[in-house]
Amino acid sequence: TTRFDLMSESTHSALNQCLRAVWQRRQRKHLIGGLLAFASWFVPLFIVAIVIDRFAFLPSWARASAAVILLVVALRQAWRHGWSRLRGFNATRTAQEIEHSRDNLDSLLVTAVQFQKSGAAPGTSPAMWELTQKQAEAAAEKIPPREVVTLRDLKRPLQVAVGLAAVLLVI
């Protein structure tokens, strides 16, 4: 079999499925984190803008300026708290993140990903290459993405966003 055949066979492997699942969960976490940050800043600033407009009788150019500032501040916070961390899929980086969260892998996943990308280095035993791949596949089957990428960080921003939404509904 050629290196290309090995790569096409491995695209549906447990290792690649695990890497994709962890990456997708991390992307969702960052996207949701950004949305929650946006809501947490947009809603109170919107309420403040409405109150100021109600009592200050601002001209239309000042209202438009306030709306632009409100939007820019909320988008900046969304960028800082999640959207800036959205990344394209990189198997090696994802494997490193998994290994960082789990102590017992000792670069097994990164090595397997590197072998998948470039094949075994000259002078490397094919048996060792196969063993590394099998061990990485077995390890990947036991890794639940929810343990690698926890959503606990989003609990507080979610509570704030829901509280602000409730305040907005009451008003």
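Reader: Which helix supplies the largest share of the lining of the largest pocket?

Author: On a 1 Å grid over the protein atoms alone, a pocket is an open set of points where a 1.4 Å probe fits, with protein on both sides within 12 Å along at least five of seven lines, and lining residues have an atom within 4 Å of a point. Helices are DSSP runs (H or I, at least four residues), numbered from the N terminus. In this structure the largest share of the lining, 7 residues, comes from α2. Both α2 and α3 (60-80) supply at least two residues of that lining. The model is a predicted one, in which local features need pLDDT of at least 70 and side-chain atom pairs count only at pLDDT 80 or more, while totals for chains, interfaces and linings use all residues. Residues are numbered from 1 along each chain as its sequence is written, and side-chain values use heavy atoms, with hydrogens and water left out.

Reader: What is the volume of the largest pocket, and which residues lie nearest its centre?

Author: A volume is the space filled by probe spheres set on the grid points, which are joined across faces, edges and corners. For the largest pocket this volume is about 270 Å³. Its lining has 14 residues, and Leu45, Ala49, Ala66, Ala67 and Leu70 lie nearest the centre.

Reader: How is the length of α2 compared with what is expected?

Author: The expected span of a helix is 1.5 Å times one less than its number of residues. Helix α2 (residues 14-56) has 43 residues; from first C-alpha to last it reaches 62 Å, close to the expected 63 Å.

Reader: Which residues of α3 are buried, and where do they fall when seen down the axis of the helix?

Author: An α-helix has 3.6 residues a turn, so residues three or four places apart point the same way. In α3 the buried residues are Ala62, Leu70, Ala74, Gln77 and Ala78. Seen down the axis of α3, they fall within an arc of 145 degrees, so they line one face of the helix; the arc is that of the directions from the helix axis to the C-beta atoms. The cover over these buried residues includes α2. On the other side of α3, the exposed residues are Ser60, Trp61, Val68, Ile69, Arg76 and Trp79.

Reader: What does leucine 108 touch, leaving out residues up to four places away in sequence?

Author: Contact means heavy atoms within 4.5 Å. Leucine 108 lies in helix α5 (residues 108-118) and counts as buried at 15% relative accessibility. With that exclusion, leucine 108 touches Glu99, Thr132, Gln135, Ala136 and Ala139.

Reader: Is glutamine 133 buried or exposed?

Author: Glutamine 133, in helix α6 (residues 126-141), counts as buried at 10% relative accessibility. Apart from residues up to four places away in sequence, glutamine 133 touches Ala112, Phe115 and Gln116.

Reader: Where is valine 149 found, and what is it in contact with beyond its neighbours within four places in sequence?

Author: Valine 149 is in the loop between α7 (145-148) and α8 (155-170). At 1% relative accessibility, valine 149 counts as buried. Beyond those neighbours, valine 149 is in contact with Val22, Arg25, Arg26 and Lys29.

Reader: How far apart in space are arginine 85 and lysine 29?

Author: They are 56 residues apart in sequence and 9.7 Å apart in space, C-alpha to C-alpha. Arginine 85 is found in the loop between α3 and α4 (91-101), and counts as partly exposed at 41% relative accessibility.

Note on methods
Buried < 20%, exposed > 50% of the residue type's maximum accessible area, 1.4 Å probe, protein only.
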